[in-house]
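Please look over the sequence and the model below before turning to the notes.

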Amino acid sequence: MDEAALRAQLAALGGSLFARGYSVGTAGNISVRLPDGFLMTPTNSCLGRLDPARISKLAPDFSHVSGDKPSKEVFMHRAVLTARPDAGAVVHLHSTHATAIACLAEPGEFAPIPPLTPYFVMRVGRFLPVIRYYRPGDGAMEKDIHEAAKGAKAVLLANHGPVVSGRTLEDAVHAAEELEEAARLALLLRGAGARSLTPAQVDDLLNTFG
């Protein structure tokens, strides 16, 4: 897919996430890997009203090349994209249920959402590390995100929200959606003795689809 098509896809998928309440106001940001750098949603932009032509373009070293000024959380995307060379995109949201889990889970946890469904395991994986709280925009979190992302497709920022990667932009969006649904299910079933997938079933899914 060429850059123009990726810009249009980013705007369309951002709009879809916004329309369904996965982000509100100017919350959340998205990045996409290009052969010659990266695309990133601009600072203080709304995912529901992205102009493809104004989406930020960054060089391979993540410096600003063109378009509007990028999100102040460039470092968050850099942390994941450098830790995961296979990742083609990163989606950061403040989606309600995943953020609720990020408020309940203890920093340092690696599986705050149980493997309730195969699709959560297939899209998000076995691990979902919880990064300790940092003030939004604080670049000090980059190191922690980078280290966690080496072994996980997604992380939760304590009291903040999810950061999710995928092989393509569509993959990253689908994984972010699946994470939000898994978080909703986990909260709905909390204390009800729900049956989780067994370690063997998780291994089978990861070996087949991972």
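Predicted model: local features only at pLDDT ≥ 70, side-chain atom pairs only at ≥ 80, totals over all residues.

A183 has its place in helix α6. The residue is buried, because its relative accessible area is 0%. Between A183 and A79 there are 104 residues in sequence and a C-alpha to C-alpha distance of 24 Å in space.

**Helix α2**

- Helix α2 spans residues 74–83, and eight of its 10 residues are buried, so the helix is largely enclosed by the rest of the structure.
- The buried residues of α2 are V74, F75, M76, H77, A79, V80, L81 and A83.
- A79, one of these buried residues, is the residue whose separation from A183 is 24 Å, C-alpha to C-alpha.

**The largest pocket**

- The volume of the largest pocket is about 340 Å³.
- Its lining consists of 14 residues, and those nearest the centre of the pocket are M122, R123, K153, R167 and D171.
- Three elements each supply at least two residues of this lining: α4 (118–124), β8 (161–166) and α6 (169–188).
- Helix α6 gives the most to the lining of the largest pocket, namely three residues.
- Sorted by class, the lining comprises six charged, five nonpolar and three polar residues.

**Salt bridges**

- Side chains of opposite charge can pair when their charged atoms come close.
- The structure contains 11 salt bridges.
- One of them joins E3 to R7, with 3.1 Å between the closest N and O atoms.
- Both E3 and R7 belong to helix α1 (residues 3–19), where they are four residues apart, about one turn of the helix.
- An α-helix has 3.6 residues a turn, so residues three or four places apart point the same way.
- E3 counts as partly exposed because its relative accessibility is 24%, whereas R7, at 11%, counts as buried.
- Another salt bridge is formed by D86 and R84, whose closest N and O atoms are 3.9 Å apart.
- R84 counts as buried, because its relative accessibility is 12%.
- In a further salt bridge, the closest N and O atoms of E181 and R184 are 3.0 Å apart.
- E181 and R184 are three residues apart in helix α6, so about one helical turn separates them.
- E181 has a relative accessibility of 32% and therefore counts as partly exposed; R184 is also partly exposed, with a relative accessible area of 36%.
- Salt bridges with shared partners connect E3, R7, D36 and K57 in one network.

**Cysteines**

- How many disulfides does the structure have? The count comes to zero.
- C46 is buried, because its relative accessible area is 6%.
- C103 counts as partly exposed, because its relative accessibility is 44%.

**Aromatic pairs**

- A pair of aromatic rings is described by the distance of the centres and the angle of the planes.
- Two aromatic pairs are found in a search of the whole structure.
- The ring centres of F38 and F62 are 4.2 Å apart and the ring planes lie at 15°, so this pair is stacked.
- F38 is in strand β2 (residues 37–40) and F62 is in the loop between β3 (56–58) and β4 (64–66); the pair thus links distant parts of the chain, 24 residues apart.
- F38 counts as buried because its relative accessibility is 5%, and F62 counts as buried because its relative accessibility is 10%.
- For F110 and F127, the ring centres are 6.4 Å apart and the planes are at 85°, so the pair is edge-to-face.
- F110 lies in the loop between α3 (96–104) and α4, and F127 in the loop between α4 and β6 (130–131), so the pair ties together parts that are 17 residues apart in sequence.
- F127 counts as partly exposed, because its relative accessibility is 37%.

Methods. Residues numbered from 1 in each chain as written. Heavy atoms only, no water. 1 Å grid on protein atoms, 1.4 Å probe; cavity = no way out; pocket = protein on both sides within 12 Å on 5 of 7 lines; lining within 4 Å. Points joined across faces, edges and corners; volume = space filled by probe spheres on them. Nonpolar A, V, L, I, M, F, W, Y, C, P; charged D, E, K, R; others polar. Salt bridge = Lys/Arg side-chain N within 4 Å of Asp/Glu carboxyl O. Buried < 20%, exposed > 50% of the residue type's maximum accessible area, 1.4 Å probe, protein only. Disulfide = S-S within 2.5 Å. Phe/Tyr/Trp six-rings, centres within 6.5 Å; stacked < 30°, edge-to-face > 60°.
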